[in-house]
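Load the model in your viewer and keep the selection panel open. The stops below run from the overall view to single side chains.

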Amino acid sequence: MSSFLKRWWWVWLVLAVGLGLWRLRFDVDVLDLLPSDEPTVQGLKLYEKHFTNARELVVSLRAPNPDQAEKLTTALADRLSQQTNLVEEVSWQLPLMEHPEQLGEPLAYLWLNQPPQDFAALTNRLTPDLLKAQLDRTLAGLSNTMSPMDLLRLQYDPFGLLNMPALTNLSGVSMGQGQQMFASADGTFRLLYVQSAIDLGSYRSCESWLKSMHEVVDGLRSEGPKEDWDGVTVRFTGRPVFVEEIATSMQRDMSHSVGGTASIIALLFWLTHRRLKPMFWLLALLGVILFATLALGGLVLGTINVVSLGFAAVLLGLAVDYAVVHYQEALAHPDLTVPEIRRVIAPSILWAAITTMSAFLVLNLGGLPGLGQLGSLVAIGVAVAALVMVMIYLPPLFPDRRKPSPNQKPVDWWTYFVAPIESPATGHAPPQQSSHPIVLKLTGLILLITCGVLCFHRPGLDPTGDALRPQHGEAESALNEITTTMGMPPDPLWVIISGHDEPEVYQRLNAAGELLDGAVSNHLIDKYLIPTALWPRADYQNANRATAAFMGRQGPLLREAALKDGFTPDALVLTDELLSAWAQDATNPGVIWPTNHLSQWLLKKFVAR
C-alpha cells in the first residue's frame, strides 16, 4: 500500500487539479463575502436580484451650461442608440416626453384600481346629456388658466380623465422624481441609462463592453467641434463598472502581491545560498503550488470570490519555509540521502502544516463566508505545499542522493508523521539546546512594551461596511457625484415586501405604511414612499370590469362631441388610448397589469413578478 501511494500519489493530485479547473468559477459579488443568514444581507441580495439591472450602465455628463448639456446628451443618446449590437435601449429623459400617447394604458390601469363608486361616478359625468357641460368647463379652463401644466393637461384631456385622487397623489413621485432621475435642478448635469444588448455575467464581458462604450464616447468627442466639449466630463457607473473595477483591481493586487513576494523570496534565497538552480526550482514549485491550490479550491468550493484570492501572498510566505528547511538540512548533512532527510524533517513539517491548516480552517466558524473561504484556500495550499516540498523539492537538486542507502529500512507512509527516536546523522538522540537567559529577557521586554502601547493607544476599528467598497474607483466616485448633484438621500433604506399574490402584497403594503407613518410621527425617519397607489387591487378590478366595458364602447360618442366643440384629433389621442385600454381590460379575467413601455419603465422601479 505504501509503495502504491509513493508511486501514484501525484497521479491522483493531477486528476484532482484537472477536475478543480473544470469546476472553478470566479465570483465578484461583494455580498457573497457576508453572512447569508443576516436579514440585511438577504434584503440586499433580494434588491440586487430583482431591482438592480445587471446590464444597465449609468452615464453622467456635466457641462458648463444647461443648453450645452442637453445638446451633448441628445447627441450621445443618439450615437449609443445606433450601436444596436452593443446597446439595447438608451433612456435620457422621461418616456412620457418621447411617447405621451402611452400614458393612456397606465391611466386606464389606475382608474380600474379605484373604488367602484368613483369609477361609476366618471361614467355619470360623461353621459350624453352632460358631455357639453364638461367640454365647456375644459374650454373655460384653457381660457383662464395661467399654469403651463394645466394648459398642457386641459389641451389633451378634454373630458377630465386625469382628475382622480390616485393620480394627484402620484404626480409628485412620477414626474418630480422621474425627472430627477435624468437631470439636475440647474440642468448642467444629466444622466443616461444604457441597457446592454449582450449578457454581462462575467467580468471579462463587462470589461470588453465597457471598452466599447468608452470608444463610442471618445469617437463622438473627436467628431464634433472641440469647443462643444470644453469643460465637459463624462463618467460611468453601475454594476458593469463595479464588476470590472473589482475584478481588475483584485487581478492587479494579486499579481503585484505574488510578484513582490516571489521577488523578495528570490532575493533572500540568493543572498543566503548564492545558488541559482535551487532558487529557480523553488520559484517554479511555488507557482505550481499556487496553481494547484486554486484548482483544488475550485474542486472543493466551486465558486471562489475574487476577494479571497488574497490567499496567494500568505501561502507563498508559508510554503517557502518548508522548502528552505529541507534544503538547509540537506546542506548540513551531506552524508544523508534524500529519503533519510525526508524521514527526519517530514514529521515537523507535516505537523506544522496541520497546525497552520487548523488555524486557518477555524476562520470558517466566524460567520463571514469571504473570510472562511480565504482560510479554506490557505489551508488547502498549506497541505499542497507541505506535500510538494517534502516529496519533490530535494530530488532534482541532489540527484546522486535520491536513492535510499543500502542499509536503510523501508518505512510506511504513516511513519512520516512520527519523529525518529535516533538521528540518522549521529546514531543517538539529538542533544537538547539550552535556552539563553537573554532571549527570555528580550521576550519579556517586548511584551511589556506591547502592553504599554496598548494601554495608551488602541487600534481603531471600523464598524461600517466601507472596507468592502472599492476605493478611488470611477464607479464609486461617479455614484457619489450623482447622489450629491441630484440631491438624492445618500443612504436610503429599502423596504422589500414579498407575497404569494397581489392581494397579500397589498395587505402588507398597507401594514408597512401604518408602521412607517408611526416612524414619521416619532421622528425616526423623515419621509417614505410606498407604491400603494400603483399596486393592483384585484377586488376593485373585478368590480370595475363592467364599467370599463361600457366606457370602452363610448369612443365614437366622445370623439364626435369633442370634434363638434372645436377640439382637434390630436387632442383626443390620450382619450382614444384610454378607452381602447378599458375595452381590452374588460375581457381580461386575471389581475391586470399595464404592459406598454411607459408602464414597464415605471413599474420596474418597485415591482418584481
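How many helices and strands make up the secondary structure of the protein? There are 22 helices and six strands; both are DSSP runs numbered from the N terminus, helices being H or I of at least four residues and strands E of at least two.

This is a predicted model, in which local features need pLDDT of at least 70, side-chain atom pairs count only at pLDDT 80 or more, and totals for chains, interfaces and linings use all residues. Residues are numbered from 1 along each chain as its sequence is written, and side-chain values use heavy atoms, with hydrogens and water left out.

**Whole chain**

Color by pLDDT, the predictor's confidence in each residue, from 0 to 100. The protein averages 82, and 88% of the residues score at least 70. Now select 171-176: pLDDT is below 50 here, and this stretch has seven contacts in the model beyond near neighbours in sequence. A contact means heavy atoms within 4.5 Å. Go on to 425-429, where pLDDT also stays under 50 and the model has six contacts beyond four places in sequence.

Show the surface. Its accessible area is about 34,100 Å², with 62% belonging to carbon and sulfur atoms (Shrake-Rupley method, 1.4 Å probe; for residues, only the protein chains shown count as cover). Of the 609 residues, 39% are buried. Buried means under 20% relative accessible area, exposed over 50%, partly exposed in between (1.4 Å probe, protein chains only). Among contacts with a separation of 6 or more, 79% join residues 24 or more positions apart.

**Leu-210**

Select helix H10, residues 203-223, and pick Leu-210 in it. Is Leu-210 buried or exposed? Leu-210 counts as buried because its relative accessibility is 5%. Beyond four places in sequence, Leu-210 touches Leu-57, Phe-236, Pro-240, Val-241 and Glu-244.

**A surface patch**

Move to helix H16, residues 437-456, which holds Ile-449. Select Leu-442, Leu-445, Ile-446, Ile-449 and Val-453 together. They form a nonpolar surface patch with about 470 Å² of accessible area.

Patch residues have over 30% relative accessible area and no salt bridge; like charges are joined within 9 Å, nonpolar side chains (Val, Leu, Ile, Met, Phe, Trp, Tyr) within 5 Å. A salt bridge is a side-chain nitrogen of Lys or Arg within 4 Å of a carboxyl oxygen of Asp or Glu.

**Gln-554**

Finish in the loop between helix H19 (538-552) and helix H20 (555-564), at Gln-554. Its relative accessibility is 14%, so Gln-554 counts as buried. The Gln-554 side chain reaches the backbone oxygen of Phe-550 at 3.2 Å.

Methods
A polar contact is a pair of N or O atoms within 3.5 Å; within protein, one must be able to donate a hydrogen and the other to accept it, and residues adjacent in sequence count only if both atoms are side-chain atoms.
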